[in-house]
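Q: Could you walk me through how to read the features of this model, one at a time?

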Amino acid sequence: MASLSLPTVESIREQFPILQHPDSHGRDVVYLDNGASTQKPQCVIDKEVEVYTKYYANAYRGVYEFGQRIDDELELSRESVRDLIGAESKEEIIFTAGTTMSLNLLAYAWGSHVLEPGDEIILSRMEHHANIVPWQLIAQKTGATIRYVPLDDQYRFDEQAFEQILNSRTKIVSLTGMSNVLGATIPVSQVAEAAHSVGAVFILDAAQSVLHQPADVMKQGVDFLAFSGHKIYGPSGVGVLYGKQELLEQMPPFLGGGHMIDQVFDDHSTWAAAPAKFEAGTLPIAQAIALRPAIEFIKEIDFDWIEKHEKKLLIRATEQLQEIPGLKIYGPDVSEKGAIVSFTLEGAHPQDLAFLLNRHGVCVRHGHHCAMPLHEILGVSATVRASFGLYNTVEEVDKLTEAIHQARKKLRLA
Ligand SMILES: Cc1ncc(COP(=O)(O)O)c(C=O)c1O
């Protein structure tokens with residue numbers, strides 16, 4: 001990868017092949033759906049190609065050269081994740097299929113390990129379905145109850161209410177680090193400390209926040225953390241579950257199969273140590289290996305640069321969108337949120353608006369964004385969401401605004 005000692009958005013864009021050509025209608029693509037999934041830099045694509053063309057084999061099974069190389073590359077990748085989130089050891093890093101898989105693993109394995117009838121699981125009102133539904137499934141099985149932390153009148157996580165809900169029956173606190181709709185964040189260290197004060201474990205759904213609010217699990221007291229490769233400029237099909245070593249030792253396995261065992265007898269088995277204990281079957285090998293260049297790419301650009309750049313885009317978008325008649329933005333003040341703007345436009349169905357924006361090459365998401373309970377609170381069934389990434393430009397923000405103006409004319413709202 002070319003050196004990015006002084007990154008500019010132009011030099012970053014050059015590294016994304018998909019941004020170098022128009023769509024099939026000849027339109028410049030303004031990709032503002034980064035909250036759903038990000039585009040991939042050349043170094044990530046190259047790494048996957050390298051794996052398949054130079055040394056592909058199954059993982060942790062072969063003593064031949066390719067097999068050894070795959071194992072080494074996977075361990076390097078594990079180490080880069082450890083470094084990214086400030087974990088103590090790479091044995092605490094489990095490769096999964098993504099955030100959803102990581103949270104299901106936790107709900108099933110940790111949930112069934114600790115929950116008893118009457119116990120409580122705390123979530124917030126701004127969770128993605130991936131951090132709601134697995135807990136509902138396990139609550140139904142164990143007799144536990146889910147309690148939701150409300151949002152305040154500015155769509156922020158209500159910390160005071162959270163502390164009031166916490167009690168001796170709370171066994172699990174599982175919260176998103178950043179809402180995929182509102183961009184609202186949570187005070188991670190304070191939440192972890194409060195959860196620990198009642199003996200609960202704290203799980204951070206870092207799918208949206210891992211890039212925007214870099215995690216430091218040891219310093220912040222995070223017990224488990226989940227994120228997806230595809231949202232941080234890495235491959236799809238791979239995700240991460242971090243768990244504190246002592247908790248991983250206590251947690252029973254989720255899936256059984258190859259690689260996760262120590263001994264298998266006719267009637268029972270014993271388990272390998274983590275991370276293997278939670279990595280049954282064949283891993284997403286090339287994807288897990290190509291997560292490392294994605295992490296290195298981000299680190300080389302620098303988190304501060306990313307934060308400042310995305311904040312600039314967020315402020316510009318917010319200022320412009322606020323001026324559009326009938327447009328309502330949902331979420332806290334820009335100073336308190338990540339680079340996501342969700343909005344509705346009076347007189348326009350979100351799907352129609354997204355469709356009309358696409359005519360100008362502007363790619364946004366519409367719908368409930370897998371956050372139906374949140375939309376219930378917002379009082380709308382759907383919103384339009386523009387989510388910014390490190391390759392977006394101020395000109396693209398202007399194109400979004402201009403496309404909305406054009407859509408208003410088309411819909412005869414202007
Ligand atoms: C906050 C949050 N959690 C979980 C997920 C689920 O991620 P994945 O679909 O990669 O498993 C998402 C995806 O949008 C998300 O935004």
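A: Let's begin with burial: buried means under 20% relative accessible area, exposed over 50%, and partly exposed in between, with a 1.4 Å probe and protein chains only. By that scale H369 counts as buried, at 1% relative accessibility. Before going on, note that this is a predicted model, where local features need pLDDT of at least 70, side-chain atom pairs count only at pLDDT 80 or more, and totals for chains, interfaces and linings use all residues. Residues are numbered from 1 along each chain as its sequence is written, and side-chain values use heavy atoms, with hydrogens and water left out.

Q: What percentage of the 414 residues in the protein do buried residues make up?

A: Buried residues account for 56% of the 414. The accessible surface (Shrake-Rupley method, 1.4 Å probe; for residues, only the protein chains shown count as cover) comes to about 17400 Å². Carbon and sulfur atoms own 49% of that surface.

Q: How many helices and strands does the protein have?

A: Helices are DSSP runs of H or I with at least four residues, strands are runs of E with at least two, and both are numbered from the N terminus. Here that gives 16 helices and 15 strands. The protein is as compact as a globular protein of its length, because its radius of gyration is 22 Å, close to the 22 Å from the globule rule for 414 residues. That radius is taken over C-alpha atoms, and the rule is 2.2 Å times the number of residues to the power 0.38. Along the principal axes, the C-alpha trace spans about 70 × 55 × 35 Å.

Q: Which domains does the assignment give?

A: Domain bounds come from an automatic or database domain assignment. In this protein, domain 1 is made of 9-41 + 302-410, and domain 2 covers 46-299. Their C-alpha centres lie 28 Å apart. As for how they meet, contact means heavy atoms within 4.5 Å, and 41 residues of domain 1 are in contact with 32 residues of domain 2.

Q: What share of the contacts joins residues at least 24 apart?

A: Count the contacts between residues at least 6 apart in sequence, and 70% of them join residues at least 24 apart. For a worked case, take Y330, in strand β11 (residues 327-330). Y330 and Y155 are 175 residues apart in sequence, yet their C-alpha atoms are 7.5 Å apart in space. Setting aside neighbours within four places in sequence, the contacts of Y330 include Y155, V181, L182, F343 and L378. With a relative accessible area of 3%, Y330 is buried.

You'll find G361 in the loop between α14 (350-358) and β13 (362-363). Beyond four places in sequence, G361 is in contact with R27, D28, V29 and V30. Its relative accessible area is 1%, so G361 is buried.

Q: Which residues does I285 touch, not counting those up to four places away in sequence?

A: I285 lies in helix α11 and touches Y56, A57, N58, A59, I70 and L74. I285 counts as buried, because its relative accessibility is 3%.

S80 is another helix residue to look at, in α3 (residues 65-85). S80 touches R292 and I295, again leaving out residues up to four places away in sequence. S80 has a relative accessible area of 10%, so S80 is buried.
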